[in-house]
Amino acid sequence: MKRLLPPVLLLVLALLPTGLALAQPGVAAFTVAPGPKGAETYTLSLQILALMTALTLLPAGLLMMTAFTRIVIVLALLRQALGTMQTPSNQILIGLALFLTFFVMAPVFGKVYSGAVQPYMNDRIPAQVAVQRAAAPFRTFMLRQTRRSDLAMFMRISGNGPVDSTSQIPFSVLVPAFVTSELKTAFQIGFLIFIPFLVIDIVVASLLMSMGMIMLSPMLISLPFKILLFVLVGGWSLIMGTLASSFYM
């Protein structure tokens, strides 16, 4: 114990000035200074903290505020309708959905960059104005994809009364309404995809039953025919084109 006391005391004395400095109010790295016209200027440390927080929420924003949800669900239902198990793999489906999302959302991203990101990087607008300008294109995109019934339901649940314009709808209401509409649309497209493959399964199962081949799995026989049909009609081009054109821009 006597041997441990001097190092411990030295450690406490070394940390003492740091603790006193942190205890002082208004550290220079974390201050908010008043700006012109009532605006507020944040220090670089607070801006970096806000940026890192925004980056942690970026995956949720990508899933909930873009075309990614509809696309990835339709691709997953297509794989299930084909009956190819894990082919294409989850990584390939997510990659396809991600790049198709970038293709669909390119006009929205372009407006956000030109109207919010570029002026903010050039110090022409403050951070608050940049966030407001960046939210406007996403709001327009989501409103065009959202059904009025879903929007009215979440407005009623949240207790918000009727609004005069769509700009008054809060994001806390718009985002769940948009996701609900996207799920409904994705399952509708998935239902249409299932129909031709389901017909092939029924025909193959009926033929096997009539031939008395009960022990043979119909899925094993119908899988090559479903893949052949999907390739002959240009299935991937049809699916990608349908998904890209299903969004109202």
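Two salt bridges are present in the structure, a salt bridge being a side-chain nitrogen of Lys or Arg within 4 Å of a carboxyl oxygen of Asp or Glu. The model is predicted, so local features need pLDDT of at least 70 and side-chain atom pairs count only at pLDDT 80 or more, while totals for chains, interfaces and linings use all residues. Residues are numbered from 1 along each chain as its sequence is written, and side-chain values use heavy atoms, with hydrogens and water left out.

E182 forms a salt bridge with R70, and their closest N and O atoms are 2.5 Å apart. This pair links distant parts of the chain, since E182 lies in helix α8 (residues 171-210) and R70 in helix α3 (residues 68-82), 112 residues apart. Helices are DSSP runs (H or I, at least four residues), numbered from the N terminus.

P88 is located in the loop between α3 and α4. The peptide bond from T87 to P88 is cis, with omega near -5°.

Helix α4 (residues 90-104) packs with helix α5 (residues 106-121) at an angle of about 60°, their axes being 4 Å apart. Axes are lines fitted to C-alpha atoms over the stretch in contact, and angles run from 0 to 180 degrees between N-to-C directions. That makes α4 oblique to α5, a class for angles that are not under 35 degrees (roughly parallel), over 145 (roughly antiparallel) or 65 to 115 (roughly perpendicular). F102, F103 and V104 of α4 and A106, P107 and F109 of α5 make the contact, which means heavy atoms within 4.5 Å. These contact residues comprise six nonpolar, no polar and no charged. Ala, Val, Leu, Ile, Met, Phe, Trp, Tyr, Cys and Pro count as nonpolar, Asp, Glu, Lys and Arg as charged, and the others, Gly among them, as polar.

Key. Helices (H or I, at least four residues) and strands (E, at least two) are DSSP runs, numbered from the N terminus.
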